[in-house]
Amino acid sequence: MSDCVFCKIAAGEIPSKKVYEDDQVLAFYDLDPQAPVHILIIPKEHIGSVAEITVENSAVVAHIFEVAAKLAKVNGLEDGFRVVANTGKDGGQTVPHLHFHLLGGRSMKWPPG
Ligand code: 5GP
Ligand code: ZN
C-alpha cells in the first residue's frame, strides 16, 4: 500500500528504531511509548488489521507471536507483559496496517479503557 505508514517503515522509506527484522516481520519502538518497553511488531506484507487475517495469510501471525516471546525475554519482561492489537474504530486502531503492541515494564490495568 503506497500511502501506508507502516508499509513505508517496512520498506525503509520512513526511519524507525528497529529492534528485530527478518524476511517476514519487523519490530520497532513505538514513537509514543505507553510503557517502559513499547515495541510494535508488524508483518512486512500489508494486512489491514486483525479483521483481515485469513487462512491464507495467518502464518505470519504465528511468527509474530514467536518474535514477541523472544523480544519479551530479551527485554527482561519475566514478570509479564501485554500484547495488544487494536482493531478498527471501536478498537482504537489509528494505523491501518496490522500491528501488535508489545508492552511491558510496568503493571497493566484491566479492563482497558
Ligand atoms: P494503534 O493506535 O493503531 O493501535 O497503534 C499505532 C501506533 O503506532 C501508536 O502507538 C503510534 O504511537 C505508533 N506510530 C504511529 N506512527 C508511527 C511512526 O511513524 N513511527 C513509529 N515508530 N510509531 C508510530
Ligand atoms: Zn501497510
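In the predicted model, the second largest pocket has a lining of 13 residues, among which I9, F28, Y29, D30 and L31 are the ones nearest its centre. The space in this second largest pocket comes to about 250 Å³. Two elements, the helix α1 (5-10) and the strand β2 (25-29), each contribute at least two residues to its lining, and α1 gives the most, with three residues.

The largest pocket, for its part, has a volume of about 630 Å³. Its lining is made up of 25 residues, and those that lie nearest the centre of the largest pocket are Q34, V84, N86, H101 and L103. At least two lining residues come from each of four elements, namely the strands β3 (37-43), β4 (81-84) and β5 (100-104) and the helix α3 (88-91). Sorted in the manner used above, the lining of the largest pocket holds nine nonpolar, 10 polar and six charged residues.

A further feature of the model concerns the backbone. Most peptide bonds are trans. The bond that runs from W110 to P111, however, is cis, and its omega angle is near 0°.

How values were computed:
Residues are numbered from 1 along each chain as its sequence is written. Chains are lettered from A and ligands numbered from 1 in the order in which they are written. This is a predicted model: local features need pLDDT of at least 70, side-chain atom pairs count only at pLDDT 80 or more; totals for chains, interfaces and linings use all residues. Side-chain values use heavy atoms; hydrogens and water are left out. On a 1 Å grid over the protein atoms alone, a cavity is a set of points where a 1.4 Å probe fits but cannot get out, and a pocket is an open set with protein on both sides within 12 Å along at least five of seven lines; lining residues have an atom within 4 Å of a point. Grid points are joined across faces, edges and corners, and a volume is the space filled by probe spheres set on the points. Ala, Val, Leu, Ile, Met, Phe, Trp, Tyr, Cys and Pro count as nonpolar, Asp, Glu, Lys and Arg as charged, and the others, Gly among them, as polar.
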